[in-house]
Amino acid sequence: MSQTKSPLLEGIMARRSGNARALGLPGPDDAQITAIVKAGAQAPDHGRLVPFRFLQVAQGARSRLADLLEASSRELWADIPQPEIERAREKADQGPEILALIGRIDPNHPKITASDQWLAVGAALENMLLAVQACGFAAAVRSGKFLETKAMRDGFALGPNEHLTCLIAIGTPSDWPPQKPKPELDRVFSVWNG
Ligand SMILES: Cc1cc2nc3c(=O)[nH]c(=O)nc-3n(C[C@H](O)[C@H](O)[C@H](O)COP(=O)(O)O)c2cc1C
């Protein structure tokens, strides 16, 4: 009988996003953070360009991150109302650990397309999410235009080809969001007959 059961496959099928507001202590320890980041760096990477790097947001930098998130929101929304400022700032307070995933994309590489490089970044993200869950935690990914502003770029000292792709809040879930339905197989898979 062909093998369709393995801990890895079970982990993939069980992966789901956590609720960022329901991620508490404990968070991953140093060895687990290292394992999560190494899983990210294990991503398939055409041309071995290493189009990603990872940052751990230091606990002492949380208020600085909140200030940057506020500045970023103000940059995008001139007369932003106070509740939206609070919503922006609270992202710095979600989860006992926050990792940032930075894409390093060379749009002019002679051989490797930008999309291949982005795919490696995405593979790194999925590897990290699977590793988070394998270590017994939940993760919530945060992304959006607020990561692409001058405030964030300057605050994270990004190079010209670097993109702050997402923040990953990690912790112990006290609650889960509703399970998201996944596409039926026939919606995403068929045979190409030439
Ligand atoms: C690149 C990327 C960015 C994401 N950004 C957000 C986000 O900003 N806010 C959010 O609630 N979820 C975000 N997510 C998580 C998706 O919403 C989530 O994966 C999707 O709803 C499916 O749920 P599941 O992860 O439980 O399967 C992001 C996921 C990816 C891959």
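User: When does a residue count as near a molecule, and which residues are around the ligand in this model?
Analyst: A residue is near a molecule if its C-beta atom, placed from the backbone, lies within 6 Å of it. The model is a predicted one. The residues around the ligand are R16, S17, L125, V141, R142, S143, G144, C166 and K180.

User: How do the residues of the shell around the ligand divide by class?
Analyst: Gly counts as polar and Cys as nonpolar. G144 and C166 are both in the shell. The shell divides into 3 nonpolar, 3 polar and 3 charged residues.

User: Which strand does β4 pair with, and over how many bridges?
Analyst: Strand β4 covers residues 138-142. Its residue V141 stands opposite I168 in β5. The two strands run in the antiparallel sense, and the pairing is with β5, over 5 bridges.

User: How many bridges link β3 and β5?
Analyst: Strand β3 spans residues 97-104 and pairs with β5 in the antiparallel sense. The number of bridges between β3 and β5 is 8.

User: In β5, what is the bridge partner of L23?
Analyst: Strand β1 covers residues 23-24, and β5 covers residues 162-173. They run antiparallel, and 2 bridges join them. The partner of L23 is P173.

User: Are α2 and α5 roughly parallel or roughly antiparallel to each other?
Analyst: Helix α2 is residues 30-41, and helix α5 is residues 114-134. They pack at an angle of about 150°, with their axes 7 Å apart. Angles over 145 degrees count as roughly antiparallel. Therefore α2 and α5 are roughly antiparallel.

User: How many nonpolar, polar and charged residues are in the contact of α2 with α5?
Analyst: From α2 come A35, I36, A39, G40 and A41. They meet A124, N127, M128, L130, A131 and V132 in α5. By class, the contact has 9 nonpolar, 2 polar and no charged residues.

User: What is the orientation of α3 to α4?
Analyst: Helix α3 (residues 62-76) packs against helix α4 (residues 82-90) at an angle of about 135°. Their axes are 8 Å apart. Roughly antiparallel needs an angle over 145 degrees. So α3 is, relative to α4, oblique.

User: Is the crossing of α3 and α4 left-handed or right-handed, and which residues of α4 take part in the contact?
Analyst: The crossing is right-handed. On the α3 side, the contact uses A66, L69, E70 and S73. By class, it has 4 nonpolar, 1 polar and 3 charged residues. The α4 residues are E84, I85, A88 and R89.

Methods:
Residues are numbered from 1 along each chain as its sequence is written. This is a predicted model: local features need pLDDT of at least 70, side-chain atom pairs count only at pLDDT 80 or more; totals for chains, interfaces and linings use all residues. Axes are lines fitted to C-alpha atoms, for helices over the stretch in contact, and angles run from 0 to 180 degrees between N-to-C directions. Helices (H or I, at least four residues) and strands (E, at least two) are DSSP runs, numbered from the N terminus. Angles under 35 degrees count as roughly parallel, over 145 as roughly antiparallel, 65 to 115 as roughly perpendicular and the rest as oblique. A crossing is left-handed if the near helix is turned anticlockwise from the far one by less than a right angle, and right-handed if clockwise. Two residues are in contact if their C-beta atoms, placed from the backbone, lie within 7 Å. Two strands pair if DSSP finds at least two bridges between them.
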